[in-house]
Amino acid sequence: MKKYNIVIVGGGSTFTPGFLKSFCRMKNEFPLAKLVLFDIDAKRQQPIGEYGKILFKELYPEAELIYTTDIAQAYSGMDFIFMQMRVGGYEMREKDEKIPLKHGIIGQETCGPGGIAYGLRSTKEMIKAIYDIRQYAPNAWVLNYSNPAAIVAEALRREFPNDKKILNICDQPENVIRSCSRLLGCNFKDLQPVYFGLNHYGWFTHMYDKNSGEDLLPKIRELVKERGFLPQDAEQRDKSWLDTYGMVQQLMADFPDYLPNTYNQYYLYTNYKAKSLNPEFTRANEVMASREKRVFAECRHVIDAGTTKGLVNIHEDAHAEFMIEVAMSIAYNLNNRFIVIIENYGAINNLPDDGMVEVVAELGANGPSPMRVGNIATFYKGLLENQLASEKLAIDAYFEGSYQKALQSLTLNRTVNDAKIARIILDELIEANKRYWPELK
């Protein structure tokens, strides 16, 4: 069996230790020759890299693990590039969240003004990264799950129209599926979804039992009504995530046709969500105060002890397992089904062909083969067309250096819907992002 070379871009992420443990557990299913951690922040990556070396020495000595800040060393000879960039780090995420909240608008890292700000930052660095990757690894698969995935996907579609080995994907629909398995008391692998939407803005129209063919959505609807909705790994989640999943009950009470993506709440309850978020302590602060400190402390504990045995509380996580299974489906031409972001071309019949939509697809060596969902109802079509336009205008603003397009993008976004507020927020975001955004004139 071939052994694969993989690089994780964003090796200093708090998600990386979970990936390392998952790679160790899945080594017989997806064997590695070499795993490289790559980050531009050497200081941040160092403790995670050293933890990884100890972990691999004990659990995966047959695979080489290195960490580096050198582009050529990172990308040369790679088969898969796992992209988990956070351009600007938590410092900029905090500004993405707090600047809109200061004006009574939702502050969130992927939705609304914060998502647009993050998207414009990510676009510049993602485009550079793809050019670097193609210099050193022309045939590698790029698995991009950097946020905000929808805006990044639109930018990469335009800049690299002929590159068929870039796959944009998000694990949030997968997390909802796994949360349904908790609710139903079944294995998540026995659930087969039908889904349509955009990244962080979609709906499950069916949730089939793979074994019997029964559509379990009616049962899920009743269980959510009775018990609410929790993430599969609720015991490991921060409070804000429990609140996010908890809103599924309200979403299904108001719009019972389908099971929503948890992020739909930001677009459908904009005033309520804006008022419920704490402008002084946002999710960025929560992450820095909890997960960030916990993960790095656990890594340093291992480094100090020189062993992982009996010490590590870092869990394999669903996010890592999901992305490894995506790579496996491509590597082995398994054509397993995943919810992915693709250029529409009729997957959702009554949305524009050039929209980057999120649907179920079979995924193999030649990329995704989408499962078509036909026409969607007017309510959902209207919501998605509005968001598609906002995302396209944001990328227009990037490529054209257009202040006007950026203003239109924010004004059109359902989380804003007011040109005066959009202009105020845009001007503050421009000032905050001087180091990252192109000049907007």
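This is a predicted model: local features need pLDDT of at least 70, side-chain atom pairs count only at pLDDT 80 or more; totals for chains, interfaces and linings use all residues.
Ignoring neighbours within four places in sequence, Leu259 touches Val176, Cys180, Gly202, Trp203, Phe204, Met207, Leu217, Ile220, Val248 and Met252. Now widen the selection to the largest nonpolar core, which has 90 residues. Leu259 is among those with the most contacts inside this core, along with Phe23, Phe30, Phe56, Phe80 and Phe82. Helix H15, residues 318–331, supplies the largest share of the core, 8 residues. A separate core of 49 residues includes Ile66, Ala397, Ala432 and Trp437.

Stay on H15 and pick Ser329, which sits in that helix. Is Ser329 buried or exposed? Buried: its relative accessible area is 0%. Show polar atoms next, and you'll find one from the Ser329 side chain 2.5 Å from the backbone oxygen of Leu363. Beyond its neighbours within four places in sequence, Ser329 is also in contact with Leu334, Asn335, Asn336, Phe338, Gly364 and Ala365.

Now jump to strand S2, residues 32–38. Since 5 of its 7 residues are buried, S2 is largely enclosed by the rest of the structure. On one side of the pairing list is S1 (residues 4–9), which runs parallel to S2 over 6 bridges; look for Val7 opposite Val36. To get from S1 to S2, the chain passes through helix H1 (residues 16–25) in a right-handed β-α-β crossover.

Last stop: S3, residues 64–68, which pairs with S2 in the parallel sense over 5 bridges. Here Leu35 stands opposite Leu65.

Note on methods. Residues are numbered from 1 along each chain as its sequence is written. Side-chain values use heavy atoms; hydrogens and water are left out. A nonpolar core is a set of buried Ala, Val, Leu, Ile, Met, Phe, Trp, Tyr and Cys residues joined through side-chain atoms within 4.5 Å. Buried means under 20% relative accessible area, exposed over 50%, partly exposed in between (1.4 Å probe, protein chains only). Helices (H or I, at least four residues) and strands (E, at least two) are DSSP runs, numbered from the N terminus. Contact means heavy atoms within 4.5 Å. A polar contact is a pair of N or O atoms within 3.5 Å; within protein, one must be able to donate a hydrogen and the other to accept it, and residues adjacent in sequence count only if both atoms are side-chain atoms. Two strands pair if DSSP finds at least two bridges between them. A crossover is right-handed if, with the strands pointing away from the viewer, the path from the first strand over the helix to the second runs clockwise.
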